[in-house]
Every structure is written in C-alpha cells, then in structure tokens.
Amino acid sequence: MNRQTGFIKKADLYVAVGILMLAALAYLPTFLSRQSNYKIVIANEQGSLYELNSQDLKAKGAFSYTAFAPGGNFVTFNLDPSAGVRVSSASCPDKVCLQAGYINKVPQSVVCLPNKIYAQIIPLTNKEDNLDAILH
Amino acid sequence: MLSFTKTHKLVIAALFTSLGIVLSIVENYFSFVLPIPGAKIGLANIATLLALYFLNFRLALVVVGLRVLLSALLLGTFLASSFFISSGGALVSLFAMQLLKSLTPLSILGVSLAGAALHNLGQLAIASLLISSQALFYFLPLLLLFSLPAGFSTGYLTSKILYLLNKKKDCV
C-alpha cells in the first residue's frame, strides 16, 4: 500500500492503542488518589513560595495569595476550603491558567507557564498527617 | 514526470515554511480553548509532515527551524518560555517521525499520531525543565488523549495534500 494514501494500517492502530494505554497509565495516580487531606504548594522555578495543608485551609477560610515574577508579573491564586485552589488572575498574555479552574486532588496542578509559577496538590507526609491528629 | 532541482526544492521548502507560520499564528488564537498548557491541534505539523514526505529530512529540519523562529518573532515570543517549549516539541516530533517513517511500516497517519504524542511529550519535558518541577506531568494523560484527534486530523489532511501535490508533479 502506498505510504502516502492515508489509509489506516494495522500498525497505525497499534500506535493509537499504545497512546491510549500510555494515557491510561499516566492517569492511574490521579484515579487512585483518594486522600482527603493534602497540601497546596505554590512555587516558581526556584522552589516553594507558599505551602498550606487542607486542614489549615479549613481553619483559615478562603483567601487569595499573589505570587510575583520578575518584571512586575504576577499570578493570584484563590484558596478555598471547599473547592481547593485556582488561578483567579495573572499577568500572562494567554490566560490558559485561568481556564483550569479549581484543583483539589493529588497530583493535580495548575501552571502559569509564561510566569513560571504553579500550584500543585501534593500528599501530606506521614509526619504532617500525624500532626493533624494531635489534640490540643 | 518532473524531477526537482535544488532551486525547486528550496522554493517548495519556503512555501511549506510559510504555510507552517500561517498555521502557527492561526492556531495561537485558539490556544485558550483548552485549559492545558501547550495543548494545540498541531496544525503547523502539516507543514513538517509535508516537508518530510514531499522533500527530505534535511529540508524538513530547515522548515521546522524557520517556522518556529519566524512565528516566534511574529508573535513576539522569541526567547520566551513558549519559544523553547515549541522548539523542543517540534524537534522531538520531527526526529521521531523521521525514524518511524524510515524504520517502520507505519502509514502517514501512524507517523502523524506518534509525532503528535511525542510533540506533546517533548513540550512537557522542556516546560518541566523550565519550571524545575514535574507538576506539568499531571497533564500528560489529557495531552496524550488530545494527540489522537490532533495527529489523526493533521495526518489525514497531509495525506490529501500530498496526493494532490504528487498528482500535479506527475502531470508536469
């Protein structure tokens, strides 16, 4: 068969199935994530800027956090105990990060690529999880 | 049947580059549709595939390089993070498609599908290096899924254009 006719060959189907399987495999960590307690990390390329676990967020209530990038650029995050975290405003030109909405499951993330700032939901370490259980 | 001289090939490469630039710019206006950084239909990949199948790998490399550089200059993103992400994705995809084209029995659809998936993987890898985090790999499943319709549509369109180009070439 001519390579340039565009008819699907058996080998092409294997490629499509391979991509689907890879996608399913990559989705597995999100699918299996059932943690009710998590940590929100807001960071840039140099490291973490702000961290807060979900228990502390519940106690603190909803608020906004603005992370700044060089050149007067910024990304403002909304942190909400019932919804999670989302980008509410950003100085980037494309505003793709604003479309992502709230994230609240490990290992979701919302990234503002032009400003190199992101928020990520990560699992609590055992130590942090145990601390939540201590009664004062 | 017409056999191409070096000048013919250069003119055709320039035309494919122009096509790639126009498609890149058009696509840029629709990038807000998906809340996934870097997710695009990959229409500009049509120019890469055309160069790869109608010309040769060397000229396809020139088409990709010029397309990425000139569209970044026109869009004002030269040396911005999107320029490096776009370059990374385009180069990874081109080298992978060349390997698959010459080493496997895949048709242009299969090569395009794999190229679209590897384009997204390349972009994610460069973007992750830029922000020094693996946070972006959360988008991998969605980008891989999106690469199926993207790769299929660009592969299908390219095969149709190639058919017309070869028909025209045979008539001359």
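**Figure 1. The loop of chain A that holds A:Pro107.** A:Pro107 sits in the loop of chain A that runs between α3 (96–99) and β6 (109–112). The model shown here and in the other views is predicted. The peptide bond between A:Val106 and A:Pro107 is cis, with omega at about 0 degrees. Most peptide bonds are trans, and most residues other than glycine have a negative phi.

**Figure 2. A positive phi at A:Lys116.** Where in chain A is A:Lys116 found? A:Lys116 belongs to the loop between β6 and β7 (117–123) of chain A. Its phi is near 55 degrees, a positive value in a residue other than glycine.

**Figure 3. The salt bridge between A:Lys39 and A:Glu51.** The side chains of these two residues form a salt bridge, with 3.0 Å from N to O. A:Lys39 is in strand β1 (residues 38–44) of chain A, and A:Glu51 is in strand β2 (residues 47–53) of chain A. The two residues are 12 residues apart, and the pair links distant parts of the chain. Over all chains, the structure holds 1 salt bridge.

**Figure 4. The interface of chain A and chain B.** In this interface, 32 residues of chain A are in contact with 40 residues of chain B. The area buried between the two chains is about 3100 Å². Carbon and sulfur atoms give 68% of that area. How many salt bridges does the rule find across the interface? The count across the interface of chain A and chain B is 0.

**Figure 5. Helices α1 and α3 of chain B.** Helix α1 (residues 6–28) and helix α3 (residues 57–75) of chain B have axes that come within 8 Å and cross at roughly 40 degrees. This angle makes α1(B) oblique to α3(B). The crossing of α1(B) with α3(B) is right-handed. On the side of α1(B), the contact includes B:Leu10, B:Ala13, B:Phe16, B:Thr17 and B:Ile21. On the side of α3(B), residues of the contact include B:Leu59, B:Val63, B:Leu66, B:Leu70 and B:Leu74. By class, the residues of the contact of α1(B) with α3(B) are 11 nonpolar, 5 polar and 2 charged.

**Figure 6. Helices α2 and α3 of chain B.** Helix α2 (residues 45–54) of chain B packs with α3(B) at an angle of about 160 degrees, and their axes are 7 Å apart. Why are the two helices described as roughly antiparallel? Angles over 145 degrees count as roughly antiparallel, and α2(B) and α3(B) are therefore roughly antiparallel to each other. Their crossing is right-handed. From α2(B), the residues B:Ala47, B:Thr48, B:Ala51 and B:Leu52 meet B:Phe57, B:Ala60, B:Val63, B:Val64 and B:Arg67 of α3(B). The residues of this contact comprise 7 nonpolar, 1 polar and 1 charged.

**Figure 7. Helices α1 and α2 of chain B.** The axes of α1(B) and α2(B) cross at roughly 160 degrees and come within 8 Å. This makes α1(B) roughly antiparallel to α2(B). The way α1(B) passes α2(B) is a right-handed crossing. B:Ile12, B:Phe16, B:Leu19, B:Gly20 and B:Leu23 of α1(B) meet B:Ile46, B:Ala47, B:Leu50, B:Ala51 and B:Phe54 of α2(B). What classes of residue make up the contact of α1(B) with α2(B)? Its residues are 9 nonpolar and 1 polar, with no charged.

Definitions and conventions: Residues numbered from 1 in each chain as written. Chains lettered and ligands numbered in written order. Predicted model: local features only at pLDDT ≥ 70, side-chain atom pairs only at ≥ 80, totals over all residues. Heavy atoms only, no water. Axes fitted to C-alpha atoms, helices over the stretch in contact; angles between N-to-C directions. Helix = DSSP H or I, 4+ residues; strand = E, 2+ residues; numbered from the N terminus. Parallel < 35°, antiparallel > 145°, perpendicular 65-115°, else oblique. Left-handed = near helix turned anticlockwise from the far one by under 90°. Contact = heavy atoms within 4.5 Å. Nonpolar A, V, L, I, M, F, W, Y, C, P; charged D, E, K, R; others polar. Buried area = accessible area lost by both parts, 1.4 Å probe. Salt bridge = Lys/Arg side-chain N within 4 Å of Asp/Glu carboxyl O.
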